[in-house]
Amino acid sequence: NYGNVLRALKCPEQALASYDRALEIKPDYAEALGNRGNTLRDLNRPEEALESYDRALEIKPDYAEALGNRGEALRVLNRAAEALASYDHALQIKPDHADVHWNEALCRLVMGEFKVGWQKYEWRWKTIHFIPAVRNFLQPLWLGKEPLSGKTILVHAEQGLGDTLQFCRYARQVAALGATVVLEVQPALKSLLQGLEGASLVIGKGERLPDFDYHCPLMSLPLAFQADLSNISAAAYLQSEPAKRQQWQDRLGPATKARIGLVWSGATGHQNDHNRSLSLQQLTPLISDEAQYYCLQKELRPADEAVLANTPGIEFLGDSLRDFSETAAVVELMDLVITVDTSVAHLAGAMGKEVWILLPYSPDWRWLLERSDSPWYGSARLFRQTAIGDWAGVLGQVQEAL
């Protein structure tokens with residue numbers, strides 16, 4: 001339990017030491033081995049985590065949680081078929097294990113198995129992470145079956161900014177069914193999405209809701225429309241405001257070199273941040289006097305602030321990027337955006353701007369596996385790690401492409 005507390009406090013090395021001490025006292029302690037495996041996954045050591053889960057399962061073969069977490073370790077290693085077998089075994093023992101269903105959804109989606117993936121994705125509402133976000137409306141949930149002609153539907157954002165930017169595209173298809181679409185989004189996106197095709201009204205989260213007949217969480221729309229690789233559109237669907245674009249054009253002045261926007265890290269609170277973000281120090285070899293570079297992220301970590309101050313050729317714009325309508329105006333003026341997997345990647349892709357996205361070895365499900373393009377964004381090019389943590393290899397690819 002001391003190890004569990006240390007893990008919750010994000011002290012994984014100390015937690016690992018506590019589990020190891022427990023196992024010295026009681027070598028056949030399956031739960032300690034399971035928790036040890038979870039901590040090794042936190043430390044981005046999935047192969048060692050796998051060994052720990054396997055030891056736990058030798059002691060306790062019907063340990064559903066260890067089987068589910070073993071599937072996660074396999075998924076992180078991109079051993080998707082083996083991961084599915086482990087999830088299946090866990091669900092045979094505990095059929096209503098929400099976390100296992102949810103993780104299976106992510107695994108199937110990254111494999112491109114969208115039909116089952118979207119169905120399993122609905123299990124998110126029964127996981128600890130999502131239960132607090134459940135919206136208990138009196139109006140019924142719409143998942144594509146009931147006719148919407150003449151009805152008003154509330155489509156509401158539920159996860160990150162990038163998720164909203166990616167899936168607001170479906171407002172047009174909902175409206176095409178004859179519905180009046182009210183789109184509720186994070187306040188930072190409200191101004192940008194005012195002109196979104198299909199949305200009759202765009203409101204910020206926390207504002208008073210109008211009357212409506214149905215509701216649908218934004219991330220359930222792919223299920224409602226049975227999205228798969230044959231019907232996803234990669235066409236652009238967002239644009240910047242001309243007035244703001246002109247303001248930024250005046251501020252940046254005439255372009256004398258190629259303009260390249262950079263984003264190297266996302267929100268520190270993101271559960272996968274350790275896997276998807278870089279430091280500016282790692283990125284500096286890309287910066288040369290052959291282009292003008294602009295930092296498109298609002299927040300800087302302390303170590304990055306010091307590096308930025310000593311790196312000529314890159315301009316920090318973050319303090320002026322008050323919301324995403326400002327960011328969109330700047331993105332419009334770039335020749336290229338290079339970014340890790342953050343909301344700016346989705347913004348640039350949704351605008352049809354050329355964007356290079358740097359991905360970890362085990363990518364988020366939406367980027368699928370192995371391919372260098374994206375069915376979601378026609379202007380995106382994907383650069384993938386070929387081994388866990390190998391950002392140097394990714395940046396070498398980017399340097400060559402530049």
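## An aromatic cluster

Trp 102, Phe 114, Trp 118, Tyr 121, Trp 125, Phe 130, Trp 142, Phe 167, Tyr 170, Phe 225, Trp 365 and Trp 376 are joined into a cluster by ring pairs. Rings of Phe, Tyr and Trp (for Trp, its six-membered ring) pair if their centres lie within 6.5 Å; planes under 30 degrees apart count as stacked, over 60 as edge-to-face and the rest as tilted. This is a predicted model, in which local features need pLDDT of at least 70 and side-chain atom pairs count only at pLDDT 80 or more, while totals for chains, interfaces and linings use all residues. Residues are numbered from 1 along each chain as its sequence is written, and side-chain values use heavy atoms, with hydrogens and water left out.

Over the whole structure, a search finds 17 aromatic pairs. The pair of Tyr 170 and Phe 225 is stacked, because the ring centres are 5.8 Å apart and the planes stand at 10°. This pair links distant parts of the chain, 55 residues apart: Tyr 170 is in the loop between α9 (161-167) and α10 (171-175), and Phe 225 is in the loop between α12 (221-224) and α13 (242-252). Helices (H or I, at least four residues) and strands (E, at least two) are DSSP runs, numbered from the N terminus. Tyr 170 and Phe 225 are both buried; buried means under 20% relative accessible area, exposed over 50%, and partly exposed in between (1.4 Å probe, protein chains only).

## Charges over rings

Two tryptophan rings are described here with a charged side chain. Lys 126 lies over the face of Trp 123, 5.2 Å from the ring centre. Arg 381 lies over the face of Trp 356, at 5.4 Å from the ring centre. A charge sits over a ring if NZ of Lys or CZ of Arg is within 6 Å of the ring centre and within 35 degrees of the ring normal.

## The chain as a whole

The chain has 19 helices and 10 strands. With a radius of gyration of 23 Å, close to the 21 Å that the globule rule gives for 402 residues, the chain is as compact as a globular protein of that length. The radius of gyration is taken over C-alpha atoms, and the globule rule is 2.2 Å times the number of residues to the power 0.38. The C-alpha trace spans about 70 × 60 × 35 Å along its principal axes.

Of the 402 residues, 52% are buried. Among contacts with a separation of 6 or more, 63% are between residues 24 or more positions apart; contact means heavy atoms within 4.5 Å.

## Helix α13

Lys 244, Trp 248 and Leu 252 are the buried residues of α13. They line one face of the helix, because they fall within an arc of 70° when seen down the axis of α13. The arc is that of the directions from the helix axis to the C-beta atoms. The face turned away from this buried side carries the exposed residues Pro 242, Ala 243 and Asp 250.

What covers the buried residues of α13 includes β5 (258-263), β6 (291-295) and α17 (324-333). Just after α13, Gly 253 takes a positive phi of about 80°.

Leu 16 is in helix α2 (residues 12-25) and counts as buried because its relative accessibility is 8%. Leaving aside neighbours within four places in sequence, Leu 16 is in contact with Arg 36, Thr 39, Leu 40, Leu 43 and Arg 45.

Asp 163 lies in helix α9 and, at 11% relative accessibility, counts as buried. Not counting residues up to four places away in sequence, Asp 163 touches Leu 218, Met 219 and Arg 366.

Most residues other than glycine have a negative phi. Lys 10 has a positive phi, near 60°. Lys 10 is in the loop between α1 (2-8) and α2 and is exposed, at 72% relative accessibility.

Leu 368 also has a positive phi, near 55°. Leu 368 is in the loop between β9 (355-359) and β10 (380-384) and is buried, at 5% relative accessibility.

## Cysteines

The structure holds 0 disulfides, a disulfide being a pair of cysteine sulfur atoms within 2.5 Å. Cys 168 is in no disulfide, and the nearest cysteine sulfur, that of Cys 216, is 14 Å away. Cys 168 is buried at 1% relative accessibility, and Cys 107 is buried with a relative accessible area of 0%.
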